[in-house]
Number of protein chains: 2
Amino acid sequence: MEDKVNLAEKLASFDEAFQPRIVATYNDNKVQLAKTRGEFVWHSHPDTDDLFLVVSGRLTIQLRDRDVELGPGELYVVRRGVEHCPKADPEAHVLLIEPLGTPNTGDSDERAAAVEERI
Amino acid sequence: MEDKVNLAEKLASFDEAFQPRIVATYNDNKVQLAKTRGEFVWHSHPDTDDLFLVVSGRLTIQLRDRDVELGPGELYVVRRGVEHCPKADPEAHVLLIEPLGTPNTGDSDERAAAVEERI
């Protein structure tokens, strides 16, 4: 029997930046929580959109032509194929939705993709 | 050019209960905001999961064998085919994700499905 997910409780259970944890699944998608500190890598996902909802802190989604600044309770969907690079100063907590199996680094090979881990 | 979505601003722009508004799309899914007051109808979605994330207030997702009580920052995914009936007393504001084209009333004919409307 699956239980509800309390976002704050799940966020308190890990500390690593840019290592999203899966907290639920919705059809073939993973609902993840991530902590972001500093800048990630530029990447895109050729086959899927990427949903970001900020839970706390401020997240900047850098696009090649502008920045999207998100605070708590704000969401943005990066369309498939669009290059982006999230950054937070100092830290943001973010809910992310992507299809299961999607690497968080997309098409970038600058760093290893996070392992999919359910908590 | 799509802009970010501020959930509070979108929620302030309508008042009807059980008439979800689409605020974004993610792949073939609609990201919706809904206001819930009182009890909806018992229904299920035979072909899709149903994601609920409470933004404010308290939402009870009644299942046939138990109730799932959600407060702000809590989410629950109703699995495909599982009968459920959301209720709120007095009111809850909820983010919902379902595939585009999914009627909010599922397989129930007790009331008309909400028209899909993007705000």
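In chain B, Ser13(B) belongs to the loop between α1 (7-11) and β2 (21-26), where helices (H or I, at least four residues) and strands (E, at least two) are DSSP runs numbered from the N terminus. This is a predicted model, in which local features need pLDDT of at least 70 and side-chain atom pairs count only at pLDDT 80 or more, while totals for chains, interfaces and linings use all residues. Residues are numbered from 1 along each chain as its sequence is written, chains are lettered from A and ligands numbered from 1 in the order in which they are written, and side-chain values use heavy atoms, with hydrogens and water left out.

A polar atom of the Ser13(B) side chain lies 2.7 Å from the backbone oxygen of Lys10(B). The C-alpha atom of Ser13(B) is also 8.6 Å from that of Ile119(B), although 106 residues separate the two along the chain.

Rings of Phe, Tyr and Trp (its six-membered ring) pair if their centres lie within 6.5 Å, and planes under 30 degrees apart count as stacked, over 60 as edge-to-face and the rest as tilted. By this rule there are two aromatic pairs over all chains. In one of them, Phe18(A) and Phe40(A) are stacked, at 4.7 Å centre to centre and with 25° between the planes. Phe18(A) lies in the loop between α1 (7-11) and β2 (21-26) of chain A and Phe40(A) in the loop between β3 (29-39) and β4 (50-63), so that the pair links parts of the chain 22 residues apart. Phe18(A) is buried, with a relative accessible area of 9% (buried means under 20%, exposed over 50%, partly exposed in between, with a 1.4 Å probe and protein chains only). Phe40(A), at 9% relative accessibility, is buried as well. The rings of Phe18(B) and Phe40(B) have centres 4.8 Å apart and planes at 25°, and the pair is therefore stacked.

Turning to the interface, 33 residues of chain A are in contact (heavy atoms within 4.5 Å) with 33 residues of chain B. The area buried between the two chains, which is the accessible area (1.4 Å probe) that two parts lose on being put together, summed over both, is about 2800 Å², and carbon and sulfur atoms give 51% of it. Lys4(A), Tyr26(A) and Leu75(A) supply 25% of the area that chain A buries against chain B, more than any other three residues. Two salt bridges (a side-chain nitrogen of Lys or Arg within 4 Å of a carboxyl oxygen of Asp or Glu) are counted between chain A and chain B, one of them joining Lys4(B) and Glu74(A) at 3.2 Å, N to O.

Definitions and conventions
A polar contact is a pair of N or O atoms within 3.5 Å; within protein, one must be able to donate a hydrogen and the other to accept it, and residues adjacent in sequence count only if both atoms are side-chain atoms.
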